[in-house]
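Me: I would like to learn how to read salt bridges and helix packing in a model. Please take the general idea of each feature, then the case at hand.

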Amino acid sequence: MKKPLNLLIVSLFWLTSGILTAQAQDLATALQWLERGQTEKASQQLQQLLQSQPTAQTYFYNGYAAIRTHHLQEAGNFFEKGMILDEKRHPLNKAGMGIVAMLEGRTTDAERILAEVMKESKGKDVEILGRIGEAYTGYTQVINDTDKPMYAQHNAAKAIEYLEQALKRDKKNGQLWLALGDARALSTPSNGGPAVTAYEYALEFLADKSLPNHRIGTIYWAGKSYNLASDFYRAALRADSLYAPSYLQLAELNFKTNRYKEAAAAMNKYLALAEKPDAQLRYRSGQFDYLAREYARAVQKIEQVKNEVETPVKYRLLGRSYFSLKDYDKTIENLKTFLEKAPDKAEGLEYKLLGRAYQNISDTTIAKDSIAVFYLAKAATTDTTENLYSEVAEMSYKLKHYEDVVKYVEAGEKRFHKSSVKDKFWLAMAAYKMGREDSTMYLKADSAFAAVQESSPDHLPTILYRAKSNYYGYANQDTAYVKSIPFYERFVELAYTKKEEQKFKYDMRIALKYLFSYYTSVEINPEKALDVAQKGRALDPADKDFNDMMAQLNNRPPNPSFSKPQ
């Protein structure tokens, strides 16, 4: 790379000194629109110029614009007509014909025509040398961090040869230095230094600094100097705020460096300037909007091009975006389509959002809770942000899928090496319900309830179900009494202490009757028996059993029937 010089000499493209100043300015403006990507505007201006001033130069640059827009046959037509107006020692349009032949792969014709051009111009015409040299670069396009020729027919060595020959005659021609930078970048892609040196000379001699700044930015991007690359792209836009390619490069560079909001903003500016952005670019912009959490814009853009872009990922982005916008029906529609079309690409988040969406839809005609459990359970196997097993366990309990509750709680404990108090409570409750079919589950329930009680010693439902689990978990009646009575006593005591006896009225009645039976038939403690009978009658005066208990105590010896826990 070279040190910047102080001298600034402006070169207005490669236009010959014989062209009128106004025409040269019009041509320069048209070509600037071409470089910005505004090809229709450039072509329209060039055609108007041709109609008003049909010169060799206006024919040539109409042909040149056709080349840059992939219309080689149209370019040839312009050059063929322009050849009639070519000056004897300035066969510009004939050079254009040779360029078309070269780009079409007609190598023999191209070499013959260009040899004739060199002979007629004596190899001294800067404009001709420059345009041929540029053509041999294949008209480099910057795509992300890569310089990629627009045409397959290109030859960096020949491009350098022609351009260096031109520079011997005009060392201060910025356009020549710009094209030479392109040729060098193509020649030595792993070493951007020579290209940057040429671009720096272009910066010095060009009035419009956007192109060389842009090209230098790309060299730095290829070298992974992302901050410097960004600086040069921004410099290009300061030089020309309408230079769309730099917005596109900034968008992709910001995406690569995870600056999604900046990427989305730059891409939006690019789309505002681009004449006819294709569906792929608009989809790309929608992707950036999604990553920037601009979900409404993402949905709008992706929906517009959904039928033009062949990738199942579009349904993923739409589904996720619709979920963020709380449109749960659209979430389900798109994510299910994504899973159908690309099951191998599915991530846990898709299943998680589907589960959440089913939880939130208003449709009551489907078993949405069961569907939600299905998707959340699939998500739980990979989700590291939260223990979804805990959630699906609770939901499964409410669906009365008790075996699933146990399965999910244990799976969550295995995955996260711990389980919450709530998890153990639902496991305990599920095991208790399963005890009706398998009595061994009662003791499993009590073990889980015990873990809950360690964390919440005074949690009434836990104490109540420990009492029940122990009663039903032991076949021997005496053992059942011994194991369960302390928990029933504690349950009754806490219920009154917390003034929640009415809240647990049904279970309180059973507990009091059970305790009465124990105090009168096993422990033989009339005082305790009287206490629970009085509490029962106060709790529910309409319950005949408590009145009978009082009568039995008064008439000694009492031997009342009692209700078993449920």
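Me: What do the side chains of arginine 356 and glutamate 391 form?

Reply: Side chains of opposite charge can pair when their charged atoms come close. In this predicted model, local features need pLDDT of at least 70 and side-chain atom pairs count only at pLDDT 80 or more, while totals for chains, interfaces and linings use all residues. Residues are numbered from 1 along each chain as its sequence is written, and side-chain values use heavy atoms, with hydrogens and water left out. Arginine 356 and glutamate 391 form a salt bridge, at 2.5 Å from N to O; the term requires a side-chain nitrogen of Lys or Arg within 4 Å of a carboxyl oxygen of Asp or Glu. Arginine 356 belongs to helix H19 (residues 348-360) and glutamate 391 to helix H21 (residues 388-398), so the pair ties together parts 35 residues apart in sequence. Helices here are DSSP runs (H or I, at least four residues), numbered from the N terminus.

Me: Is arginine 356 buried or exposed?

Reply: Arginine 356 is buried, at 16% relative accessibility. Buried means under 20% relative accessible area, exposed over 50%, and partly exposed in between (1.4 Å probe, protein chains only).

Me: Which residues are linked with Arg356 in a network of salt bridges?

Reply: The network links Arg356 with Lys352, Asp383, Glu386 and Glu391. By the same rule, the count of salt bridges comes to 41.

Me: Where do lysine 544 and aspartate 548 lie?

Reply: Both are in helix H29, 4 residues apart, about one turn of the helix. Lysine 544 is exposed at 55% relative accessible area, and aspartate 548 is partly exposed at 28%.

Me: How are helices H11 and H13 placed: roughly parallel or roughly antiparallel?

Reply: Two packed helices are described by the angle between their axes and the distance between the axes. The axes of H11 (residues 210-222) and H13 (residues 244-256) come within 11 Å and cross at roughly 20°. Axes are lines fitted to C-alpha atoms, for helices over the stretch in contact, with angles running from 0 to 180 degrees between N-to-C directions. H11 and H13 are therefore roughly parallel (angles under 35 degrees; over 145 is roughly antiparallel, 65 to 115 roughly perpendicular, the rest oblique).

Me: Which residues in H11 meet H13?

Reply: His214, Thr218 and Trp221 do, with partners in H13 including Pro245, Gln249 and Leu253. Contact means heavy atoms within 4.5 Å.

Note on methods. Helices (H or I, at least four residues) and strands (E, at least two) are DSSP runs, numbered from the N terminus.
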